[in-house]
Amino acid sequence: MKRLIERSRSVGEVLRWVTQNPGKVSASHYPIALHKLGQLLQQQPGPPLGAGDGRGPAGQVLEQPEFHVLCQAIVSGCAKFDNFSIVNCLYAAAALGLPGESPLVRVLEDESRSRLGRFNQKDVSMVFSSEANNKALEAIFSSQLFYENRQERFIRSMAEWLPRKAENLTPYTMALIAKYVARHRLREPRLLDTIANFLLKRGEQLDSKVIQKLVFPFSRMNYRPSNHGELFPKLEAILEQKASSSPLATVNILMSMFQLSHFPQSVLHQVFSPGFITNVMSSPYALIVRRYLSLLDAAVELEFREYSGPRLDPRYRVLMFEHALTADEANRKYSYKGLVAEALRQLVGEECYRQDEVLPPGYCTDFLLWINRSGTVLPLSRVPAASRAPPATSPVTMSLRSSVLALTSDLQDFAPVVLSVNDKWHYCQNSDILVGSRAMRDRHLRLLGYCLVQLPYTELEKVSGIEEAKHYLRQKL
């Protein structure tokens, strides 16, 4: 039956072999049939199978009674399929382009979800090595199933498979893999280095929007790829040529490099030039670019002192963020910030700290306090107004370097202390390494003269109740 399906020359022939010989069809034959249908449809003109408009050969297949019989046979029998056949059917359906809301895909995803604990590395790696192609991977990494379940076995299998197959993948597929890696904060060197090698080999052929997607996982995971000595100069050369073609992508790539403490001087000359600024200020995304450029300009002043090129005009400077990050707000119920806030209120009083204060160049701090030389937390009314950070609503016009000097002169008597509640999503998966944006924030706050007191979730999860939390904070302060 396997040979008959694989040798079929038309969609109708595949469907006839499978539907007219039910007694000879086993679980392993169904994914083969689905894959063969996908291959045959790719050879025919017309919209893809999942287009849903009913026109052309693909749409006609969806309407064929034999195709419905095939789908129903899989739906009815998949509970008895072995693990490999289930996974293979799901990947085959993805490669075929079936819509996610179709009964077949829903049943396969539900069955896969119920078996996740029983899938072994062989089940997944066999599919990767023998069946996965660009279209399948695109659907797989767009599937809610794989966003919800990032089992270590799946990641390990992908890390073993991807380096061998990367050359045959499209940039779009690799970008989807990069998105998956970044979204789940997967600091897996083999995956990240494979993406970096892909960039190194194909960078000139890619537009800036694709490059920014491929670069983002490195900064997100605070990871310098093993080939960064070759890759970063190459990216600089590409950006020099394409900086003005996609300004938002350019500043996104620069931000990723800055988070990794790499500062491409020649590209900075371009993005801070009057021509680039004039171009972006008249664009629909002017505000977000201004925010990124403001943060990049601040980073240049704090970390790249030897730079002597053009800088951002002060009239264009704004705060990067005006309030707490969206991710932190969304995860508030899982955060330890509420526990720390109540313990801090009881320990020092509400008049002695600010919560969610935004400090130039636009970093939201969890808790801001002022402490004198003897270790006493001071009421904010006793802190000289000139030493406090400007309010979040004011434009950022004051030189950051001046701010540093002002704070340094005040350190003789008292110092700002930032309490940083580092929840689980502030770290890479299964790691004590902060994500790149958080790590750069901490670097900059220290360079601005603030003392950072880290409160990692691994310590906070051991605290039980307010009294223990107060004792913990007292020790930290």
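Rings of Phe, Tyr and Trp are taken to pair if their centres lie within 6.5 Å. In this predicted model, a search of the whole structure finds six aromatic pairs. One of them joins F258 and F263 in an edge-to-face arrangement, with 4.8 Å between the centres and 80° between the planes. Both F258 and F263 are buried. Ring pairs connect these two residues with F304 and Y307, giving a cluster of F258, F263, F304 and Y307.

S261 is placed in the loop between α16 (247-259) and α17 (265-271). Although S261 is not a glycine, its phi is positive, at about 60°. The relative accessibility of S261 is 35%, so the residue counts as partly exposed.

A positive phi is also found at D356, a residue other than glycine, where the value is near 55°. D356 belongs to strand β1 and is partly exposed, its relative accessible area being 24%. The side chain of D356 forms a salt bridge with K337, in which the closest N and O atoms are 2.9 Å apart. This pair links distant parts of the chain, since D356 is in strand β1 and K337 is in helix α21 (residues 337-348), 19 residues apart. K337 has a relative accessible area of 10% and is therefore buried. A cis peptide bond joins P360 and P361, with omega of about 10°. P361 is situated in the loop between β1 (353-359) and β2 (363-372).

In total, the structure holds 16 salt bridges. Among them is the pair of E167 and K201, with the closest N and O atoms 3.4 Å apart. Because E167 lies in the loop between α11 (152-165) and α12 while K201 lies in helix α13 (residues 189-202), this pair ties together parts that are 34 residues apart in sequence. E167 is exposed at 61% relative accessibility, and K201 is exposed with a relative accessible area of 56%.

Another salt bridge is formed by K476 and E459, whose closest N and O atoms are 3.2 Å apart. K476 is in helix α25 (residues 465-476) and E459 in helix α24 (residues 457-460), so parts 17 residues apart in sequence are tied together by the pair. K476 is partly exposed, with a relative accessible area of 29%; E459 is likewise partly exposed, with 31%. Salt bridges also link D297, E301, R311 and R317 in a network.

The elements giving two or more residues to the positive patch are α12 (171-183) and α14 (208-220). K179 is found in helix α12 and counts as partly exposed, with 47% relative accessibility. M174 also lies in helix α12, but M174 is buried, with a relative accessible area of 0%. M174 and V210 are separated by 36 residues in sequence, and their C-alpha atoms are 9.4 Å apart in space.

A further pair of positions separated in sequence consists of S8 and L40, which are 32 residues apart in the chain and 9.0 Å apart in space, C-alpha to C-alpha. S8 is located in the loop between α1 (2-6) and α2 (11-19). With a relative accessible area of 3%, S8 is buried.

Terms used:
Residues are numbered from 1 along each chain as its sequence is written. This is a predicted model: local features need pLDDT of at least 70, side-chain atom pairs count only at pLDDT 80 or more; totals for chains, interfaces and linings use all residues. Side-chain values use heavy atoms; hydrogens and water are left out. Helices (H or I, at least four residues) and strands (E, at least two) are DSSP runs, numbered from the N terminus. Buried means under 20% relative accessible area, exposed over 50%, partly exposed in between (1.4 Å probe, protein chains only). Rings of Phe, Tyr and Trp (its six-membered ring) pair if their centres lie within 6.5 Å; planes under 30 degrees apart count as stacked, over 60 as edge-to-face and the rest as tilted. A salt bridge is a side-chain nitrogen of Lys or Arg within 4 Å of a carboxyl oxygen of Asp or Glu.
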